[in-house]
Amino acid sequence: MRTTHYGTIARALGVAALSLLCALPAVHAEEPGKALGNLFQNLLKQGTAAPAPATGAQHSVATNSGDLASLFSQSIEQIDEAKEIEMGKQLAAVLLGAKPLLPNLALQRYVNRLGRWIALQSARPDLPWTFGVLDDAGFNAFAAPGGYVFVTKGLVDALNDESELAGILAHEIQHVVGKHHLKAMRKSAQAGLLTSLIAARLSERSNGALHGQLLMLGKDMYSKGLDQSDELEADRVGVALAARAGFDPYGLVAVLQGLRTAAPDNPIFSLQLSTHPPTQVRLDQLELAMGQRLDAYSGKPSLTIAQRLARGVGR
């Protein structure tokens with residue numbers, strides 16, 4: 001974790017973060033459903049930073065994933081950013097197909113802006129970062145390659161303050177920065193799915209079939225989770241990233257302390273607990289990594305999400 005000049009940097013960024021959030025422009029009043037639809041369109045449009053498709057979105061997917069077998073037979077570093085963003089866009093659509101965006105425009109805007117601010121402090125600030133809240137009672141957060149990050153309504157409702165949300169978003173951002181999803185899909189593909197992908201190519205199946213293979217890889221990844229070492233890395237880097245963005249680095253620690261008492265068979269927490277390392281292991285690893293190096297940046301006053309929204313930041 002970065003510790004050099006952390007005090008000056010964190011304090012400066014903390015002031016900047018507060019100024020940025022407080023200076024967010026108000027949105028003109030409009031019918032909530034229409035406004036959310038517009039926001040959703042804008043969020044997905046950001047994923048088109050890749051080269052524009054020649055004949056529509058479906059063709060773009062086929063073009064970019066049509067060589068999926070060879071794509072995952074090469075190293076992660078050889079997958080260019082345009083392909084990464086295009087795959088992430090399709091996997092984000094999978095998540096949104098399972099659970100829609102919560103129809104709360106103020107909360108959506110707030111989470112999107114907060115996430116973008118934290119992402120700006122990451123090693124990949126130029127990705128088309130897009131954040132949203134899924135209308136789901138479960139306690140979870142998801143990310144997809146290229147900069148797509150979602151948290152559930154159940155998670156937001158369970159958090160005590162903004163620093164906890166910042167810690168979770170920073171954890172998910174590091175998954176994207178570290179290309180953890182690409183690594184997981186590549187691992188699955190090489191473990192068996194690659195055979196069917198190659199078969200699909202040789203039999204000259206439609207590009208739609210190959211598109212389906214990409215989605216199958218994604219669904220498999222979200223149900224099984226990422227590599228456990230990548231989860232621990234996202235914890236370690238996430239707390240540093242949250243501090244760098246001006247938030248209490250112990251926000252994520254507080255979330256994990258709450259998760260420690262959650263029953264594994266509770267449907268609200270079951271997916272979160274089954275796809276991550278044991279919570280006590282995560283806390284122990286964070287304690288080893290953090291030591292007391294970030295203690296000087298803890299204990300900062302933090303608004304609840306309701307208080308932040310009441311100040312009009314998400315409007």
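This is a predicted model: local features need pLDDT of at least 70, side-chain atom pairs count only at pLDDT 80 or more; totals for chains, interfaces and linings use all residues.
How many residues lie between β2 and β3 in the hairpin that they form, and which residue in the turn has a positive phi? Three residues separate the two strands, and G146 in the turn has a positive phi of about 90 degrees.

- Strand β3, which spans residues 148–152, is mostly covered, with five of its five residues buried.
- Y148, F150 and T152 point one way from β3, whereas V149 and V151 point the other way, and all are buried.
- Strand β1, made of residues 130–134, runs parallel to β3 and is joined to β3 by five bridges, and in this pairing the bridge partner of G132 is F150.
- Strand β2, made of residues 141–144, runs antiparallel to β3 and is joined to β3 by four bridges, with A143 standing opposite V149.

**Packing of α6 and α8**

- Helix α6 (residues 105–120) packs with helix α8 (residues 162–177) at an angle of about 60 degrees, and their axes are 10 Å apart.
- The two helices, α6 and α8, are therefore oblique to each other, and their crossing is right-handed.
- On the α6 side the contact is made by Y110, V111, L114, G115, I118 and A119, and on the α8 side by E162, L165, A166, L169, A170 and I173.
- Sorted by class, the contact of α6 with α8 has ten nonpolar residues, one polar residue and one charged residue.

Notes: Residues are numbered from 1 along each chain as its sequence is written. Side-chain values use heavy atoms; hydrogens and water are left out. Axes are lines fitted to C-alpha atoms, for helices over the stretch in contact, and angles run from 0 to 180 degrees between N-to-C directions. Angles under 35 degrees count as roughly parallel, over 145 as roughly antiparallel, 65 to 115 as roughly perpendicular and the rest as oblique. A crossing is left-handed if the near helix is turned anticlockwise from the far one by less than a right angle, and right-handed if clockwise. Contact means heavy atoms within 4.5 Å. Ala, Val, Leu, Ile, Met, Phe, Trp, Tyr, Cys and Pro count as nonpolar, Asp, Glu, Lys and Arg as charged, and the others, Gly among them, as polar. Buried means under 20% relative accessible area, exposed over 50%, partly exposed in between (1.4 Å probe, protein chains only). Two strands pair if DSSP finds at least two bridges between them.
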